[in-house]
Amino acid sequence: MSIAVFASGSGSNFQALVERSRCDQWPETISLLICDKPGAKVLERAEKLGVPAVSFVPKKYPSKADYERDVLHLLRRHQIKWIVLAGYMRLIGPVLLEAYAGRIVNIHPSLLPAFPGKDAIRQAFDYPVKVSGVTVHFVDEGMDTGPIIAQVPVAITEEDTLESFAEKIHQAEHSLYPEVVYQLITGKIRPPVHLSTSEN
Ligand code: GRF
């Protein structure tokens, strides 16, 4: 059994996860990248890292359920146990949520429940707050609403620009996410009971 990363964009978190999994020789490997944006930079990273990648075009499907059924078929073929969302710009629907209850996690660039949704880094910077951060959480049907697993704070100082603050957020993500995923696959973190499946 192994891990699939879902991503839509640049893929810096995907790369951090793959590098860490290899460096620390995780018991489960990242064996598949699912991308819903053909041409996204994450696909180049997957190629360089030698991780098999599959692109989907969700709007070609009659419904979200049809799209997710195709994705699910692929995940089963690859014996995927965990879904790790890393900049995947799409809500997970019932098909995948039911099949992977308690085995889907996401990273969000704010201290949830503050600043959910798009552009969270800018939202926090513009507010302006003094401290924002990064959250890793289990995924449910909502937008950035599932049970929180871990958070790290990131300060916004007087000297920060949006770019420097974003850079600090990304650095925090690249160290927190691999650590949390490692703890999850090694059973040190367990999904809450209402999200558990018999496979956990
Ligand atoms: C990250 O900030 C992540 O928290 C959010 O989307 C961004 C993805 O960045 N969900 P990248 O594609 O991993 O570089």
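The dialogue below treats the ligand site and some backbone features of this predicted model.

Reader: Which residues surround the ligand?

Author: The ligand is surrounded by S10, G11, S12, N13, G87, I107, H108, P109, H170 and E173. By class, this shell has 2 nonpolar, 7 polar and 1 charged residues.

Reader: Where does the ligand sit?

Author: The largest pocket holds the ligand. Two or more residues of the shell come from each of α1 (12-23), β5 (104-108) and α6 (162-185).

Reader: Which polar side-chain atom lies 2.3 Å from an oxygen atom of the ligand?

Author: That atom belongs to E173. The backbone takes part as well: a polar backbone atom of N13 is 2.8 Å from a ligand oxygen, and a backbone N or O atom of S10 lies 3.4 Å from an oxygen atom of the ligand. On its own the ligand has 370 Å² of accessible area, of which the protein covers 84%.

Reader: Which residues does a cis peptide bond join, with omega of about 10 degrees?

Author: Such a bond joins L112 and P113, and P113 lies in the loop between β5 and α5 (120-126). Another cis peptide bond, with omega of about -5 degrees, joins Y127 and P128. P128 belongs to the loop between α5 and β6 (131-138).

Reader: Is Q79 buried or exposed?

Author: A residue counts as exposed when its relative accessible area is over 50%. Q79 has 52% relative accessibility, and therefore counts as exposed. Its phi is near 50 degrees, a positive value in a residue other than glycine. Q79 is placed in the loop between α3 (64-77) and β4 (80-85).

Reader: What is the phi of D119?

Author: Phi of D119 is near 60 degrees, a positive value in a residue other than glycine. D119 is found in the loop between β5 and α5, and is exposed, with a relative accessible area of 52%.

Definitions and conventions
Residues numbered from 1 in each chain as written. Predicted model: local features only at pLDDT ≥ 70, side-chain atom pairs only at ≥ 80, totals over all residues. Heavy atoms only, no water. Near = heavy atom within 4 Å. Polar contact = N/O pair within 3.5 Å; in protein donor to acceptor, adjacent residues only side chain to side chain. Areas by Shrake-Rupley, 256 points an atom, 1.4 Å probe, with all protein chains shown as cover. 1 Å grid on protein atoms, 1.4 Å probe; cavity = no way out; pocket = protein on both sides within 12 Å on 5 of 7 lines; lining within 4 Å. Sits in = over half its atoms within 2 Å of the grid points. Helix = DSSP H or I, 4+ residues; strand = E, 2+ residues; numbered from the N terminus. Nonpolar A, V, L, I, M, F, W, Y, C, P; charged D, E, K, R; others polar. Buried < 20%, exposed > 50% of the residue type's maximum accessible area, 1.4 Å probe, protein only.
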